[in-house]
Amino acid sequence: MDGHPTKFLRARIRHALFTVVPDRITGGRLRARHLSQPIELTKIAISQKGWPRAFDGLKIAHLSDFHFGHLATSDRIREAVTTANATRPDLVALTGDLVDLHANDSDLLFAELAQLHAPLGIYMVLGNHDHLHAPRQVVRAAMDSGVTVLMNATAEIVRGEERLVVGGLDWSNRIALDAARLRDLPVAPHLLLAHNPKAFASAIERGIPITLSGHTHGGQIARRTRPQHNLAFSHRFSSGLYEREGSRLIVTRGVGAWFPLRVHCPPEVVLLEVHTLAE
Ligand SMILES: [Fe+2]
């Protein structure tokens, strides 16, 4: 184990109290109801300044927060993969919390995720849950299945004379750390993956066109008609699409959860279509 022993212990206690015990008390009904909620497909189309022309119309499937484990089995991951593949994306972005607690079954998770089809590749960053037990095991399973893991790094996709730079930040809960990591990247990305939407503050400063995040689960309990009014109180950017100073952020509600309850906040796969806005 190369994670955080104290945080891992705390997460295990929380898992027992808020997931296992309520599930036992309800005779398994809480978990069954949670897993029976269909995964929604959310389509977002934007025109974005600073987006390379050669990648006009690019389709990105954005999936996050699987929390593979007790509340998300291989069947659930397959459902998300099928939803994403049906959109025929050019590129797939996975924005962290791949596993819930233990990393031991990462190979099983990535056996499912390897079925994602995207000609320009699958890119991934780690979330806080991936760091609890054995992050290296998660990374190794991802790489073995052909996923590009971006740990404060960039990857470039070339089309003709132009290139699309995809960047990824490792898990962080500190805006100053995000800013420093972004400054250290060799080149500013067009598309940034960061588990925590708090990274958007630094992305705006750096003029990054698009940031994709997860982490909040859309608050899990939201007002029926106002999804951005939800229980993720500590997040200014908690669900959906945001625009600040010409930069865009998408925060997905994610596929899974660590607590088996979602109200007016269904699990989702996002399909983002990006068009180049002439400057
Ligand atoms: Fe999460």
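**Strands, cores and rings**

Q: How many bridges join β3 to β4, and which way do the two run?
A: Four bridges join them, and the two strands run parallel. This is a predicted model, to be read as such.

Q: What stands opposite threonine 95 in β4?
A: Valine 125 is the residue opposite threonine 95 there.

Q: Which order do the strands of that open sheet follow?
A: The order is β1-β12-β2-β3-β4-β5, six strands with mixed pairing.

Q: And which strands stand at the edges?
A: β1 (40–49) and β5 (148–149) do. Each has a single partner strand, so one side of each has no neighbour in the sheet.

Q: Moving on to the other open sheet, what is the strand order there?
A: That one also has six strands, in the order β6-β7-β8-β9-β11-β10, and its pairing is mixed. The edge strands are β6 (153–159) and β10, each pairing on one side only. On average, neighbouring strands in this sheet are turned by 20° against each other, with direction ignored.

Q: How many bridges does β6 have to β7?
A: Seven bridges join β6 to β7 (residues 162–169), and the two strands run antiparallel. Threonine 154 has glycine 167 of β7 opposite.

Q: Now the packing. How many residues are in the largest nonpolar core?
A: There are 32 residues in the largest nonpolar core. Those with the most contacts inside it are Leu63, Phe66, Leu94, Leu98, Phe110, Leu113 and Met124.

Q: Which elements give two or more residues to this core?
A: The contributors at that level are the strands β2 (58–63), β3 (91–95) and β4 (122–125), together with the helices α3 (74–86), α4 (106–113) and α5 (135–144).

Q: Take leucine 113. What is it in contact with, leaving aside neighbours within four places in sequence?
A: Leucine 113 is in contact with Phe66, Ile77, Val81, Leu94, Leu98 and Ile122.

Q: What about another core, apart from this one: how many residues?
A: That core has 24 residues, including Trp51, Ala93, Val270 and Val274.

Q: On to the rings. How many aromatic pairs does a search of the whole structure find?
A: The search finds five. One of them is phenylalanine 18 with phenylalanine 259, an edge-to-face pair at 6.3 Å centre to centre and 75° between the planes.

Q: Where do phenylalanine 18 and phenylalanine 259 lie?
A: Phenylalanine 18 is in helix α1 (residues 5–25), and phenylalanine 259 is in the loop between β11 (247–251) and β12 (268–277), so the pair ties together parts 241 residues apart in sequence. Phenylalanine 18 is partly exposed at 40% relative accessible area, and phenylalanine 259 is partly exposed at 26%.

Q: And phenylalanine 200 with phenylalanine 237: what kind of aromatic pair do they form?
A: An edge-to-face pair, at 5.3 Å centre to centre with 85° between the planes. Phenylalanine 200 is in helix α7 (residues 200–206) and phenylalanine 237 in the loop between β9 (210–213) and β10 (240–244), 37 residues apart.

Q: Is phenylalanine 200 buried or exposed?
A: Phenylalanine 200 is buried, with a relative accessible area of 0%. Phenylalanine 237 counts as buried at 7%.

Q: Back to phenylalanine 18. Which residues do ring pairs link into a cluster?
A: The cluster consists of Phe18, Trp258 and Phe259.

Q: And what sits over the ring of tryptophan 258?
A: The charged end of arginine 14 does, 4.1 Å from the ring centre.

Notes. Residues are numbered from 1 along each chain as its sequence is written. This is a predicted model: local features need pLDDT of at least 70, side-chain atom pairs count only at pLDDT 80 or more; totals for chains, interfaces and linings use all residues. Side-chain values use heavy atoms; hydrogens and water are left out. A nonpolar core is a set of buried Ala, Val, Leu, Ile, Met, Phe, Trp, Tyr and Cys residues joined through side-chain atoms within 4.5 Å. Buried means under 20% relative accessible area, exposed over 50%, partly exposed in between (1.4 Å probe, protein chains only). Contact means heavy atoms within 4.5 Å. Two strands pair if DSSP finds at least two bridges between them. Rings of Phe, Tyr and Trp (its six-membered ring) pair if their centres lie within 6.5 Å; planes under 30 degrees apart count as stacked, over 60 as edge-to-face and the rest as tilted. A charge sits over a ring if NZ of Lys or CZ of Arg is within 6 Å of the ring centre and within 35 degrees of the ring normal. Axes are lines fitted to C-alpha atoms, for helices over the stretch in contact, and angles run from 0 to 180 degrees between N-to-C directions.
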